[in-house]
Amino acid sequence: MYQSPTMMEVLILREIFAMYLLQGLFFPSFYDVTIYASNATLFITTKGHKYVNETRIYEESTYILGFYIGSGTSRAIPKYFAEVPGHLLNRYSMDQHGDNLRVATTNSAQWGLNEHGQYTQITYNSNQLIILSLASAKSMEGSAGVTVMSEVGKIDANKGIGLKDEKIYAIRFLGNVGFIVTFRQTDPFYTLDLSTPNNPRVIGELKVSGFSSYLHPIGPDNSLILAVGQEADKETGRILGVQISLFDVSKLDEPKLLHRHVIEESTEQYSSSESLYDYHAFRYLPLSKALILPISLIDYDNDGVDDSMDGFSVFSVNEIYGINHMMDISHIDAVEKESSRCWYSELLPTRSLVFSGKLTTIKGHTVINTDLTSGKEIWTYNPDKNLDTGKEKCFPW
């Protein structure tokens, strides 16, 4: 899913590209920007298309530019370049490990005219993993010192990552291993052995319903993966609601789904979470083994009880006892308590913070502080409280 650059990233891009253009260099595209940084290298990618005469379709490409930001310099120095097929999911699609950059991409399905002149689907979604070497990068003529990263290893499209027409929904690299989730109707969860850069391999696969959007390593030696995503019907792929999964990856060739918790309790409910696409909204506390997620739940059930909620939910995560709901912190109730029904377009980012056992949640138009042990609300701040509805950009709700 596309994530627009943050304000800090925009400022970084402005400074980098001002310097970049002065050196006579430019990106072939400035669409769908993704930023990833290791300790010494900042990578910026953009997405482009190029027309292929043989197939008469526009094939996707991702352009990667690497800047040295390590010791001994006070500015980002352009140093590496590469072009790879397909497009990135997000910044987790890239990872520098030693002198290698691992990149996972998806080739989007293409529609066009077949040999009979009929407009139809010509290609299907497919995925690949490419390992690029920074150490063996070759000089690019007329590029002010920029070198082209060379490909040293690859898992080709349609050769193990995803079934037919599936695309990448989540990815995480951890040292010599990697984890990828693809989806169309089911959720194949793949484990990858990346210990040999010139021979990356898919060594484990687990098919479960739904899909994961974010993968978070927990437990000793990162032997568990905590995932948030959406449950889906196994037959139709229809989305059924936000789900939390716990995977055991202690044996890479035998990944297991230990536990799963689905937010919606009936087909008459609809749930969503900002953590599905904004991973800063995801909060896991390793010492207390608690997961804090923003949750929006709409209850259409006519059972006389409205279970709708817009705020945060706290869950306990245990390898043995599973994923269990602990408490809800409703931000809608907080607004009603403050007797202000004024909402406007400026929204607070969805975040949670924990300090000394006190949980502060930020969402929409309210900030709430809660005792994480008892669930008792300590204080609430409503920035809309003193807005003048006649003068400000304020709308009743």
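The secondary structure of the chain comprises two helices and 29 strands; helices (H or I, at least four residues) and strands (E, at least two) are DSSP runs, numbered from the N terminus. The model is predicted: local features need pLDDT of at least 70, side-chain atom pairs count only at pLDDT 80 or more, and totals for chains, interfaces and linings use all residues. Residues are numbered from 1 along each chain as its sequence is written, and side-chain values use heavy atoms, with hydrogens and water left out.

Begin with the whole chain. Of its 397 residues, 50% are buried, meaning under 20% relative accessible area with a 1.4 Å probe, protein chains only. Among contacts (heavy atoms within 4.5 Å) between residues at least 6 apart in sequence, 49% join residues at least 24 apart.

Next, select strands E25, E26, E27 and E28, which form in that order an open sheet of four strands with antiparallel pairing; two strands pair if DSSP finds at least two bridges between them. Strand E25 (348–355) and strand E28 (377–381) stand at the edges with a single partner strand each, so one side of each is left without a neighbour in the sheet.

Within this sheet, select residues 358–364 and residues 366–371. These are strands E26 and E27, which run antiparallel and are joined by six bridges. Leu 359 can then be picked out, standing opposite Thr 370 in E27.

Finally, move to residues 110–113, which are strand E7 and include Trp 111.
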